[in-house]
Amino acid sequence: MIVVMKPGADKDHVDHVVKLVREFGLRDHVIYGTDRTVVACIGDKRSVDKGAIENAPMVERIVPILSPYKMASTEVKRERTQVEIGPLQFALGGEKVGIIAGPCAVESREQLLRIADAVKAAGCVGLRGGAFKPRTSPYSFQGMREEGLKLLAEARDRTGLAVVTEVTGLETIDAVVEYADVLQVGARNMQHYPLLESLGKVGKPVMLKRGMSAKLDEWLLAAEYIIDAGNPRVILCERGIRTYEEYVRFTLPLTVVPELRERTHLPVVVDPSHGTGHAHLVPAMSRAAVAAGADGLLIEAHPDPEHAASDGAQSIDPKSLGELVKSLRKVAQAVGREL
Ligand code: PEP
Ligand code: MN
């Protein structure tokens, strides 16, 4: 349930409600909006004396939360969550669409700095690049690991771009937290609940990719794990789902973008690279995603896609990235956004 405070309720009023809520054995999440504060209460409500809370000073009303994901739902918070990323504190989920681009994997200093410069020059706000790679085969390149993280940090210092990189397991959290600005949870890990809970305790934004066979509700409940554990800075990333179709690597369901914008206040990013698997499909699907209302894009770009260590076929080159961002500006403008 949500306890809606009256406009003008101060910290003492809210603290008093929080105290009552805890006395009834519920967990609380206080959400400060622009004109109202609400206290979302999670837990077994059977032993709660609702009257005691309803009659507390400056409480307006109590509303039940019907959706299974409580904290991620627009029922609890209608205002869109803006997640600030990187040294320039770009607000993902705000008016501006944010483009994050970079290689699938960090391969060398030269490769990373070349693409980082191109990503910056194109007008992007973030640099992606895997240091720990979750590969389908144990014999494929597994990433440069800590050395890759250090190169990403160097690229951030040089460009000001926010570094987005994947955390593949519990044992790599500390290292990734030390170097990254946004911690990416890969599709294969969307339901790694101990990992999600641990990421609820770190002080950095988390980009949660949709599992390749996860339903929308399962994805939002995975986000709920992170928020409920204490980290509200969650960004959702659609990266395509598994279907019977074979001309694409994954099927990119862009209908989730408007649907998510109704169901959740969290920023929504689309990955048209894994979502198609083919570089020639990336520009059109990027434009379609922005037209559909995406807050950002996660795009694989490589200085030499033909020789990429992973995902070369879906990676675009620096020139295509520059042209793509230019065309995205027009699309953003057409739908009332900026880029
Ligand atoms: C990636 O971003 O390179 C990646 C491994 O993505 P996903 O988890 O969506 O497959
Ligand atoms: Mn990849």
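Mentor: A polar contact is a pair of N or O atoms within 3.5 Å. Keep that in mind for this predicted model.

Trainee: What makes the pair between Arg128 and ligand 1 a polar contact?

Mentor: A polar side-chain atom of Arg128 lies 2.7 Å from an oxygen atom of ligand 1. The cut-off is 3.5 Å, so the pair counts as a polar contact.

Trainee: How do you know that Arg188 and Arg239 make polar contacts with ligand 1?

Mentor: Apply the same test. An N or O atom in the side chain of Arg188 is 2.9 Å from an oxygen atom of ligand 1. For a polar side-chain atom of Arg239, the distance to a ligand oxygen is 2.6 Å. Both values fall within 3.5 Å, so both pairs qualify.

Trainee: How much of ligand 1 does the protein bury?

Mentor: Taken alone, ligand 1 exposes 300 Å². The protein buries 97% of that.

Trainee: What makes Leu321 stand out in the largest nonpolar core?

Mentor: That core has 81 residues, and Leu199, Leu208 and Leu321 touch the most other members. The core draws at least three residues from each of domain 1 (2-63) and domain 2 (83-334). A second, separate core of 17 residues includes Val17 and Ile62.

Trainee: How far apart are the C-alpha centres of domain 1 and domain 2?

Mentor: They lie 36 Å apart.

Definitions and conventions
Residues are numbered from 1 along each chain as its sequence is written. Chains are lettered from A and ligands numbered from 1 in the order in which they are written. This is a predicted model: local features need pLDDT of at least 70, side-chain atom pairs count only at pLDDT 80 or more; totals for chains, interfaces and linings use all residues. Side-chain values use heavy atoms; hydrogens and water are left out. A polar contact is a pair of N or O atoms within 3.5 Å; within protein, one must be able to donate a hydrogen and the other to accept it, and residues adjacent in sequence count only if both atoms are side-chain atoms. Accessible areas come from the Shrake-Rupley method with a 1.4 Å probe; for residues, only the protein chains shown count as cover. A nonpolar core is a set of buried Ala, Val, Leu, Ile, Met, Phe, Trp, Tyr and Cys residues joined through side-chain atoms within 4.5 Å. Buried means under 20% relative accessible area, exposed over 50%, partly exposed in between (1.4 Å probe, protein chains only). Domain bounds come from an automatic or database domain assignment.
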